[in-house]
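Here are a few exercises on strands and their partners. Keep the structure open while you work through them.

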Amino acid sequence: QVQLVESGGGSVQAGGSLRLSCAAAGYTPSSICMAWFRQASGKEREGVAAIYIGGGNTYYADSVKGRFTISQDNAKNTLYLQMNSLKPEDTTMYYCAADYTCFSGSWSLRDPVTYRYWGQGTQVTVSS
């Protein structure tokens, strides 16, 4: 079992920055897939950024490349998402996800089916 708790959401103006954090507890092996997803009302959950911890592979959605950066602090068992140059269309709930039985390829990292463990979500609101 892995427990995930997100924090760091909030409201910013377009062009601003936020950093989301996801604290992991429970079973956190050295090789684990972790990711950030977002889901707007009425839409499918979208993989924003993901990382295969232990191998270093990363995935970014085209819509966030060059603006968002995923990273981890292994000592703190914490995943981060640094979000810069935020746009109004980035407004939605953001969810942290994890699983330790996963593949490192982007096709797996970006798929919500890969992940069994999910946080409760944190709201990001970007005003124009």
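Predicted model: local features only at pLDDT ≥ 70, side-chain atom pairs only at ≥ 80, totals over all residues.

**Exercise 1.** Work out how β1 and strand β3 pair, and over how many bridges.

*Solution.* Start with the direction: β1 and β3 (residues 18–26) are antiparallel, and 6 bridges link them.

**Exercise 2.** Find the strand order of the open sheet with 4 strands, then say which strands stand at the edges.

*Solution.* Reading across, the order is β1-β3-β8-β7, with antiparallel pairing. The edges are β1 (2–7) and β7: each has a single partner strand, so one side of each lacks a neighbour in the sheet. On average, neighbouring strands here are turned by 20° against each other, ignoring direction.

**Exercise 3.** Describe the hairpin of β7 and β8.

*Solution.* First the strands: β7 (residues 68–73) runs antiparallel to β8 (residues 78–83), and 6 bridges join them. Then the turn: 4 residues sit between the strands, and asparagine 77 adopts a positive phi near 50°.

**Exercise 4.** Is glutamine 72 buried, partly exposed or exposed, and what does it touch?

*Solution.* Glutamine 72 belongs to strand β7 and stands opposite leucine 79 in β8. Its relative accessible area is 30%; buried would need under 20% and exposed over 50%, so glutamine 72 counts as partly exposed. Skip the neighbours within four places in sequence, and its contacts are Ile51, Ile53, Thr78, Leu79 and Tyr80. Finally, check a C-alpha distance: methionine 34, 38 residues away along the chain, is 9.3 Å from glutamine 72.

Note on methods. Residues numbered from 1 in each chain as written. Heavy atoms only, no water. Pairing = 2+ DSSP bridges. Helix = DSSP H or I, 4+ residues; strand = E, 2+ residues; numbered from the N terminus. Axes fitted to C-alpha atoms, helices over the stretch in contact; angles between N-to-C directions. Buried < 20%, exposed > 50% of the residue type's maximum accessible area, 1.4 Å probe, protein only. Contact = heavy atoms within 4.5 Å.
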